[in-house]
Amino acid sequence: MNSKAFVAQISQRLRELRIARGWSLDAAAKKTGVSKAMLGQIERGESSPTIGTLWKIASGFESSFSSFFSEQSEKKEPSVTFPNDPAMQIHTIFPYSSDTRMEVFEITLCDNHEQQSSPHQLGVIEHVIVVEGTLEFYFDGTWHTLVVGEKTRFYADQPHAYRVVGDRGVFHNIINYPHTDSSTEL
């Protein structure tokens with residue numbers, strides 16, 4: 001997906017979610033922690049969010065991360081490189097599914113990249129499995145080093161981060177969303 005199509009898809013999904021909930025931009029800003037001005041720019045397709053900003057938006061809307069750029073009907077999900085985060089590439093293996101309440105990504109980090117993540121919605125759990133290189137994962141207030149074949153899981157409703165040690169690292173990231181009575185389709 002090219003950068004223009006990527007921005008347009010995120011813009012459309014944000015608008016759909018906001019209208020479905022009957023939220024103004026002010027209300028959306030309060031729920032997501034992203035400024036009204038930034039949300040407006042993203043919704044109008046004038047700005048591409050960083051990975052961190054998109055996670056804040058998804059968490060505030062209690063929506064899945066992949067719903068902003070993955071299509072259920074696609075046979076093979078494309079890899080996405082966020083324009084503002086070129087050292088991190090996200091390939092959707094399985095987009096969010098309401099029956100499993102999870103989504104699965106293959107994430108590639110390059111050039112000693114560190115990706116900080118703000119807390120996701122309450123109860124979200126991330127499972128990570130390293131498939132290439134050495135990676136470090138920050139959660140529970142400390143860094144954890146993993147090599148190929150090692151795995152861990154953690155509650156992602158806390159500040160957390162990922163970083164590659166060296167030129168390249170790849171991990172599978174399985175994200176489980178909690179069941180909430182108020183949520184419909186993520």
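## Checking the labels

Student: Why is D26 called partly exposed?

Tutor: D26 has a relative accessible area of 40%. Buried means under 20%, exposed means over 50%, and partly exposed is in between (1.4 Å probe, protein chains only).

Student: Good. What should I know about the model before we go on?

Tutor: It is a predicted model, so local features need pLDDT of at least 70 and side-chain atom pairs count only at pLDDT 80 or more, while totals for chains, interfaces and linings use all residues. Residues are numbered from 1 along each chain as its sequence is written, and side-chain values use heavy atoms, with hydrogens and water left out.

Student: What makes the D26 and K36 pair a salt bridge?

Tutor: The closest N and O atoms of D26 and K36 are 3.7 Å apart. A salt bridge needs a side-chain nitrogen of Lys or Arg within 4 Å of a carboxyl oxygen of Asp or Glu, so this pair qualifies. D26 lies in helix α2 and K36 in helix α3, so the bridge ties together parts that are ten residues apart in sequence. K36 is partly exposed at 43% relative accessibility. As background, side chains of opposite charge can pair when their charged atoms come close.

Student: And what makes α2 a helix?

Tutor: Helices are DSSP runs of H or I with at least four residues, strands are runs of E with at least two, and both are numbered from the N terminus. Helix α2 covers residues 25-32.

Student: How do you know which side of α2 is the buried one?

Tutor: A28, A29 and T32 are its buried residues. They cover an arc of only 100° around the axis (taken from the directions from the helix axis to the C-beta atoms), which puts them on the same side of α2. The face turned away from that side carries the exposed residues K30 and K31. The buried residues pack against α1 (3-21), α3 (36-43) and α4 (51-60), where contact means heavy atoms within 4.5 Å.

Student: How do you know that S24 caps α2?

Tutor: A side-chain oxygen of S24 lies 3.3 Å from the backbone nitrogen of D26, at the N-terminal end of the helix. After α2 comes G33, whose phi is positive, near 80°.

Student: Why is R13 called buried?

Tutor: R13, in helix α1, has a relative accessible area of 18%, which is why it gets that label.

Student: What makes the link between R13 and S67 a polar contact?

Tutor: Their side chains are joined at 3.2 Å. The term asks for a pair of N or O atoms within 3.5 Å; within protein, one must be able to donate a hydrogen and the other to accept it, and residues adjacent in sequence count only if both atoms are side-chain atoms.

Student: How many salt bridges are there, and which ones join strands?

Tutor: The structure holds six. One of them pairs E132 with R168 at 2.6 Å, N to O. E132 lies in strand β5 (residues 125-139) and R168 in strand β8 (residues 160-176), so the pair ties together parts 36 residues apart in sequence. Another pairs E136 with R163, with closest N and O atoms 2.4 Å apart. E136 is in β5 and R163 in β8, 27 residues apart. Salt bridges that share partners join E114, E136 and R163 into one network.

Student: Is E136 buried or exposed?

Tutor: E136 counts as buried, at 16% relative accessibility, whereas R163, at 23%, is partly exposed.
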